[in-house]
Amino acid sequence: MATRKAAESTLYHVHPKGFWKKFRDAVVVNPEISSGIPIAGLNRYPPPGSRPEEYSTPATKASDPAENPYWKRDVRRAYPQLSVVTQTDLTTLLIQHSEANAVAAPSESEGNDKGAVPTKKQEVTDLAHAITAITAETRVYDESKLPPRIPTAFRRWIPERAPDAPHDPDSYFPMVLYK
């Protein structure tokens, strides 16, 4: 006869005693089931933190003073470098990027510069005037060219009609299904 080998569910767990054992036997559906509370001396033996030896940090490249100079470790002086864009610079950039680039017309000889389109000198204007001039010439945004959106991790749900649920075609069925 083969014996079944299985873990004893109540071997390493605390059992109630006295009144609470009688109460548990009367109330519990299966009194043979474990309480789930482990016995402190048997669970996780040896207990964590009871090892006698001390932990020593393994040697790495960072622990070698020859390979770890102070200037690489000094985070107090690793501040970000500031970048300044003045209104004049921004105005110039806006005006330059709003108009089409000047392209040289095709010429019959390479040395002939008669067909080159001259570029006009950019005059320095106020930022507000530059923005008004650019938006007056061309529409910045329309249906085909929308402004940038904040990137999201989720797709936007677009309702799409799904086939109706099975029902009697002659009965009143107000439910409409969408995908």
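This report describes the predicted model of a single protein chain, from its overall make-up to selected residues.

## Overall make-up and confidence

The protein chain holds four helices and zero strands. Read from the N terminus, its elements follow the order α-α-α-α. Of the 179 residues in the chain, 6% are buried.

The model is predicted, and the mean pLDDT of the protein chain is 80. A score of at least 70 is reached by 82% of the residues. Among the elements, α1 has the highest mean pLDDT, at 92, whereas helix α2, residues 70-73, has the lowest, at 81.

Helix α1 spans residues 19-27 and includes Phe-23. This residue has a relative accessible area of 42%. Phe-23 is therefore classed as partly exposed, since that class lies between the 20% limit for buried residues and the 50% limit for exposed ones.

Phe-23 also belongs to a nonpolar patch on the surface, together with Phe-19, Trp-20 and Val-27. The accessible area of these four residues together is about 480 Å².

Asp-74 lies in the loop between α2 and α3, the latter covering residues 87-98. The relative accessibility of Asp-74 is 11%, so the residue counts as buried; the cut-off for this class is under 20%.

The side chain of Asp-74 takes part in a polar contact with the side chain of Arg-76, at 3.2 Å.

## The two faces of helix α4

In α4, the buried residues are Leu-127, Ala-130 and Ile-134. These residues lie on the same side of the helix, because the arc that they cover around the axis is only 60°.

Exposed residues are found on the face turned away from this buried side, where α4 carries His-129 and Ala-136.

## The segment after helix α4

Helix α4 comprises residues 127-137, and Thr-152 is located in the segment that comes after it. With a relative accessibility of 61%, Thr-152 counts as exposed, because the threshold for that class is over 50%.

A polar atom of the Thr-152 side chain is 3.1 Å from the backbone oxygen of Phe-154. Thus Thr-152 is exposed, and its side chain has a polar atom placed 3.1 Å from a backbone atom of Phe-154.

Terms used:
Residues are numbered from 1 along each chain as its sequence is written. Side-chain values use heavy atoms; hydrogens and water are left out. Buried means under 20% relative accessible area, exposed over 50%, partly exposed in between (1.4 Å probe, protein chains only). A polar contact is a pair of N or O atoms within 3.5 Å; within protein, one must be able to donate a hydrogen and the other to accept it, and residues adjacent in sequence count only if both atoms are side-chain atoms. Patches are made of residues with over 30% relative accessible area and no salt bridge: like charges are joined within 9 Å, nonpolar side chains (Val, Leu, Ile, Met, Phe, Trp, Tyr) within 5 Å. Accessible areas come from the Shrake-Rupley method with a 1.4 Å probe; for residues, only the protein chains shown count as cover. A salt bridge is a side-chain nitrogen of Lys or Arg within 4 Å of a carboxyl oxygen of Asp or Glu. pLDDT is the predictor's confidence in each residue, from 0 to 100. The arc is that of the directions from the helix axis to the C-beta atoms.
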